[in-house]
Structure formats: structure tokens, C-alpha cells
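Q: I am new to this structure. Please show me how to read its features, step by step.

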Amino acid sequence: MEFISRNNQKQQLLSKIATNDGHGENSAYFDGWKAYANDPFHLTDNPNGVIQMGLAENQLCFDLIQEWVVNNPKASICTVEGAEDFQEIAIFQDYHGLPEFRQAVARFMEKVRGDRVTFDPNRIVMSGGATGAHEMLAFCLADPGDAFLVPTPYYPGFDRDLRWRTGVQLFPVVCESSNDFKVTRKALEEAYEKAQESNIKIKGLLINNPSNPLGTLLDKDTLRDIVTFINSKNIHLVCDEIYAATVFDQPRFISVSEVVDEMIGCNQDLIHIVYSLSKDLGFPGFRVGIVYSYNDTVVNIARKMSSFGLVSTQTQHLLASMLSDEIFIEKFISESFERLGKRQGMFTKGLAQVGISTLKSNAGLFFWMDLRRLLKEPTFDAELELWRIIIHEVKLNVSPGVSFHCSEPGWFRVCFANMDDETMRTALRRIRNFVLQTKGLNNKVAVLKKQCSRSKLQISLSFRRLDDFMNSPANSPMNSPLVRT
């Protein structure tokens, strides 16, 4: 009791933000990561460990990155060739960021979007990854208790990024599998009305394009509907486009920037883009996040707030050089598209061979796997029960749909770009074997049920025939000679 009391006293000495559950670490999404951390797969050292398929990381083109780094030693201040720039880069820099870095990022964003739009380097605001960018925008656009609409299913980290320290709420826009989880104007209006009925003030709409976890894109008509919707409500639109360069098949990616440039009468002060180099280049460890806002006031405020999560000048210096190498960037984007498409195709076709379908997608570092028919019953409890089997017995960390706030049980996100080819083959083999074994077991159960049902039917028919025999006039007990006597 004394120990518990001391713990309570320690909790009371800390802030509510520090001690609440806002980080979301208790969700199944992060529990999967913990299972992997406790028993990580390794081809030789731990071949029976958990394979990490819950981390959306792009490791398929690191050979190209490493080749560039070797061939461009002057880009780093930690080499003999680049050491002469050490002092200039190491001393204090203001929070605007290196001009050459902002210029290079703006140019890369244009390149990824097919040079159909232009970005002003002076609107580039740095942050510590997309996580910091989202929180920064939440602080700029909303007060504690206000809310953002978010179409489901959505990335579990949004609950942490936008809610934990800001006090902002996320209000779901329910999307369903019947139309491939597309965002519709009807769904947006219904969610907005429900929020109004609950006295929740909606300050914005957050969309993820390409979608995490679906791997799908928003088409131009849908984007126009979304921009029209937020203008009609006079609320902000935050567009997370951190997977823009992971599109590996048609249709092409369309940025919200492309749409607002074409729309007459659109209030561009309401439009904000979150970008990062974590997914498109595969640099999550560099913590490069970007806020690009069309609102001058937001740009100025966000730049001040960026003091709490700047990108190191050493990182800026290296990336400015890399992103300015247009020949390399052209090659990287092209090769990344090809490798992502090949890897996703190998996985989804392999699953299709054992009857597992996936949502049709053409972007991202993951796909949305449909295991609804493997559930004991159509509930989220049954989904989590199946997920625990996959984690602890099949030894694959795939993420259950409930952690993405999916409206229907039985969907799972599977990441495919964070492993080498041999690990990928091992993962595919495990899940195929599991599905075949499960189908075999289900077939045996079905046969047994059928046999049992047939036996019950035969017994029932036997008794029915006996009843019919006994009750027929010719065989009635009343016709027995003994009875007549």
C-alpha cells in the first residue's frame, strides 16, 4: 500500500499531459511493435522470430542512396572533402533553415508531382518529421477541445500527433468497404452534422493522400469535392502528402496544390500541406518534416513554433546537395516506382493464390489485406483474437484494422518495403501456410458438421419412419389381436 501511495504521489508531481494516455502506446498498433522488439526476426540469428510488417519504411533503394553518398563526399561536413564547410554549417542558423535546403525541398516536391505545380521556398517551414509538422499545424489552427474531421481508416499516429499535447480532438468520417473506403461528400456532411449535434467545433479536415493504410489515391473530382466542402464550412484543410513519391502504377498522384490552382474562388488561406522525406526517400531517421501553407499568417506562426523541432543544419546541408542533383533524383524516383510495384505485386499475387484478397491499390509502402472470412465472428474482438494468433504463432507483425479506426472488422495493414527479398519470401510463406492450414481446419470442421448433421438427419428420419409405421392404420396398436381381445 505504501508503494502504491508513493506512486500516486509521484504521478501528482507531474503534469496531466505527461501522465495521460494520449500517446496511444497502449493500442494494438504499438503492441505489435513491442512483440517484434522482444523477438526480432533475423535470417540466421533468429529465423523463428517475429517479422516486422507493421513499419511503413522504404528500404528498397538504399543501394542508390549509398552509391550517391560515396560519389559525393563533399556533401557531408564529416568527410575530408567536406570538412572545410564544417564551421559554417555548425554555427548558429536561424529557424528559417538554409536557403539552399528550402530551395531543394521545394524543387523535389515539384518533381514528385510531375512538375505540374510550383512551390515557393519561402513557404517551406521545417519540423521534426511529419509528426512535428502535424502537431505544429494543430497548434496553429485549433484550440483545445476543437476537432478535425478525419476519414477512416486512418494512421494510428494521428491520435498522438494531433491530440496528445494540443488537446485537439479527431472526429471520424466513416468510410466503408462497399465503395472501397472512398471519401464522399455525403460522409463528410454527415460527420460534420454529428459533430455539430455534439457541440464539437470543427476547425478542419485532415486527409491522407496517398492513403495510409489503404494505399489508394484521391482522384481529382474527390479532391474538388473536399476543397468545396471545406470552403463551404470555412474550415481548414490539412493534406498529408508524405507518400506522394510512392505511387507505382496508374492513376497518377494528384496533389491538392494542383486542384486549388485550378479552382476559381477557392480560399487558399485554408489550405495546408504536410510533407516529409521519411517515406518517399526512406529517411525517417533524419526527422525532416515540412509544413507548406498558402496562409501567410500560418507560415509566420509555424516558423516561430519550429524552434522546438528544427532539422539539424548538417542534415539540411547533405540533403540540399542530394536533392539538387536532378539526374540522381530522376533515377531514384524511377527506380523506386519500379521496385515498389514489383514488391507489392509479388505479395498480393502470392496471397491471391491462397484466396486472400487485398484492396486494389497503387501507392504507399503497404496494402490493406482482407481477412474477414477468417474471423470466428464479424466483431473487433474476433479481429484482435486473429491478430494475436498472427503475432504470436505465425510470427508476423501486421496491424489490425481496429487500430486504424476502421469501421469494419477483418482488415489488416501489411507493410512490404521494409525488408530484404529473403525476409519477404519468408513472410509470404508464413502467411500462406497459415491461411492454408486455417482453411484446411475450417474444411475439416465443415465436413464434421456436415457428417454430424447427416447423422442427426438419419436418426431423425429413422424415428420419423418408426412413428409413421406405428401410427399407420395397419400397424396401429389398436388393431392388435391382443387389444381387441
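A: Helix α15 (residues 380-394) lies across β12 and β13 and runs at about 35° to β13. Contact here means heavy atoms within 4.5 Å. Axes are lines fitted to C-alpha atoms, for helices over the stretch in contact, and angles run from 0 to 180 degrees between N-to-C directions. Helices (H or I, at least four residues) and strands (E, at least two) are DSSP runs, numbered from the N terminus.

Q: What kind of model is this, and how are residues numbered?

A: This is a predicted model: local features need pLDDT of at least 70, side-chain atom pairs count only at pLDDT 80 or more, and totals for chains, interfaces and linings use all residues. Residues are numbered from 1 along each chain as its sequence is written, and side-chain values use heavy atoms, with hydrogens and water left out.

Q: How do I read a sheet, and what is the strand order here?

A: Strands of a sheet pair through backbone hydrogen bonds, either parallel or antiparallel. Two strands count as paired if DSSP finds at least two bridges between them. Here, an open sheet of 4 strands has antiparallel pairing and the order β9-β10-β13-β12. β9 (357-358) and β12 (399-400) are the edge strands; each has a single partner, so one side of each lacks a neighbour in the sheet.

Q: How many bridges join β12 and β13?

A: β12 and β13 (residues 411-415) pair over 2 bridges, in the antiparallel sense. P400 has F412 of β13 as its bridge partner.

Q: Next, spaces. How many cavities of 30 Å³ or more are there?

A: Take the rule before the count. On a 1 Å grid over the protein atoms alone, a cavity is a set of points where a 1.4 Å probe fits but cannot get out; a pocket is an open set with protein on both sides within 12 Å along at least five of seven lines; lining residues have an atom within 4 Å of a point. Grid points are joined across faces, edges and corners, and a volume is the space filled by probe spheres set on the points. By this rule there are 2 cavities of 30 Å³ or more.

Q: Which residues line the largest cavity?

A: The lining consists of R107, F108, K111, L323, E326 and I329. The space is about 40 Å³. α6 (99-112) gives the largest share of this lining, 3 residues. By class, the lining has 3 nonpolar, no polar and 3 charged residues. Nonpolar covers Ala, Val, Leu, Ile, Met, Phe, Trp, Tyr, Cys and Pro; charged covers Asp, Glu, Lys and Arg; the others, Gly among them, are polar.

Q: Which residues line the second largest cavity?

A: M53, F347, L351, L396, V398, V414, A427 and I431 do. This lining has 8 nonpolar, no polar and no charged residues. The second largest cavity holds about 30 Å³. α14 and α16 (421-471) each supply at least two of its lining residues.

Q: How much space lies in the largest pocket?

A: About 750 Å³. It is lined by 35 residues, and T216, L217, K360, S361 and N362 are the closest to its centre. The lining divides into 16 nonpolar, 13 polar and 6 charged residues. β5 (202-208) provides the largest share, 3 residues.

Q: And how much lies in the second largest pocket?

A: About 420 Å³. Of its 24 lining residues, T131, Y155, R160, K279 and R287 are the closest to the centre. α3 (28-38), α7 (129-141) and α8 (157-163) each give two or more residues to this lining.
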